[in-house]
Amino acid sequence: GAISIETEVRVTFDNWVVSGVSTNGKDVFVTDNSGNGFVIFDNNGGLDNTYAVGDILSGTAVTCNLIKYNGFAEITNLDATDLTITPGGTVTAANIAMANLAGVNTGALVSYSNLTCSVDNNKYYLSDGTTTLQVYNALYAFDSLTDGKAYNITGIFQQYNSTKEILPRSADDIVEVTERINPTISVADASIVFGSTFTVDDSAILGGEITVTSGNTSIATVEDLVITPVAVGSVVITVSTAESTLYNA
């Protein structure tokens with residue numbers, strides 16, 4: 001169930017900007033554009049008729065409550081007439097490492113590149129290999145993402161308990177990565193002396209596994225990512241994914 005601590009407060013809005021409004025009209029995300037933010041919440045909905053993305057909020061709210069709800073700060077019972085609402089504000093992406101995202105960053109616009117998708121029970125997750133974001137459809141009802149593919153994503157952040165969630169705002173916020181970064185193979189690396197091997201560095205590969213094959217196994221053999229010379233000569237070593245060839249050396 002919900003874990004909440006409710007406190008009656010007076011909150012002064014210091015030109016904070018509305019970064020997102022949920023499709024159900026119950027949640028309005030607000031950020032100070034430095035990465036800090038919170039949610040204005042009304043269970044009855046209708047906030048989308050009061051606030052719009054880019055609205056600048058200033059003034060002191062006379063009637064509101066502050067709730068810590070499952071990891072992020074919510075402001076409820078807010079009377080919008082206590083505030084000055086000015087359109088024309090700009091929401092800028094905050095420079096926050098994925099690993100450092102926390103509840104205080106709720107409402108911040110964030111952007112990340114080359115994240116690999118996984119799908120679990122019709123839920124979509126994007127990972128940089130260390131930290132995972134769940135892609136949530138509160139602001140934009142995206143169709144689907146594909147397991148194993150890589151994406152660039154921009155959206156509003158919120159943390160629900162221990163789950164870090166990113167809320168894309170439109171189709172433009174989700175971009176499939178179609179270009180793959182070349183693995184590390186240089187001309188010098190292409191000359192391998194007997195008694196030594198060369199291992200293909202796949203750290204730059206975005207999502208999925210790569211395959212390394214030898215064009216002539218009588219000259220060089222390949223096991224996993226390790227190339228071993230067995231005779232004098234030249235050979236084409238091909239590094240590829242299921243989608244396309246990445247590099248020929």
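What volume does the largest pocket have? About 340 Å³, in what is a predicted model, and this pocket is our first stop.

**The pocket.** Select Asp27, Phe72, Tyr136, Gln158 and Tyr160: of the 20 lining residues, these are the closest to the pocket's centre. Next, colour the strands that give two or more residues to the lining: S2 (27–31), S3 (37–41), S5 (72–76), S8 (123–127), S10 (150–160) and S11 (163–167). By residue type, the lining divides into nine nonpolar, six polar and five charged.

**The largest nonpolar core.** Now show Val110, Tyr112, Leu126, Leu133, Val135 and Leu145, which touch the most other members of this 20-residue core. Strands S7 (109–120), S8, S9 (132–135) and S10 each give two or more residues to the core, and S7 has the largest share, with four. Stay with Leu133 and display its surroundings: beyond its neighbours within four places in sequence, its contacts include Met98, Leu101, Tyr112, Leu115, Phe157 and Ile166. Apart from this core lies another, of 17 residues; to find it, pick Phe38, Ile40, Cys64 and Leu78, which are among its members.

**A buried aspartate.** Finally, go to Asp173, in the loop between S11 and strand S12 (174–176). Is this residue buried or exposed? Asp173 counts as buried because its relative accessibility is 6%, under the 20% cut-off. Zoom in on its side chain, where a polar atom lies 2.7 Å from the backbone nitrogen of Arg169.

Technical notes
Residues numbered from 1 in each chain as written. Predicted model: local features only at pLDDT ≥ 70, side-chain atom pairs only at ≥ 80, totals over all residues. Heavy atoms only, no water. 1 Å grid on protein atoms, 1.4 Å probe; cavity = no way out; pocket = protein on both sides within 12 Å on 5 of 7 lines; lining within 4 Å. Points joined across faces, edges and corners; volume = space filled by probe spheres on them. Nonpolar A, V, L, I, M, F, W, Y, C, P; charged D, E, K, R; others polar. Buried < 20%, exposed > 50% of the residue type's maximum accessible area, 1.4 Å probe, protein only. Polar contact = N/O pair within 3.5 Å; in protein donor to acceptor, adjacent residues only side chain to side chain. Core = buried A, V, L, I, M, F, W, Y, C linked by side-chain atoms within 4.5 Å. Contact = heavy atoms within 4.5 Å.
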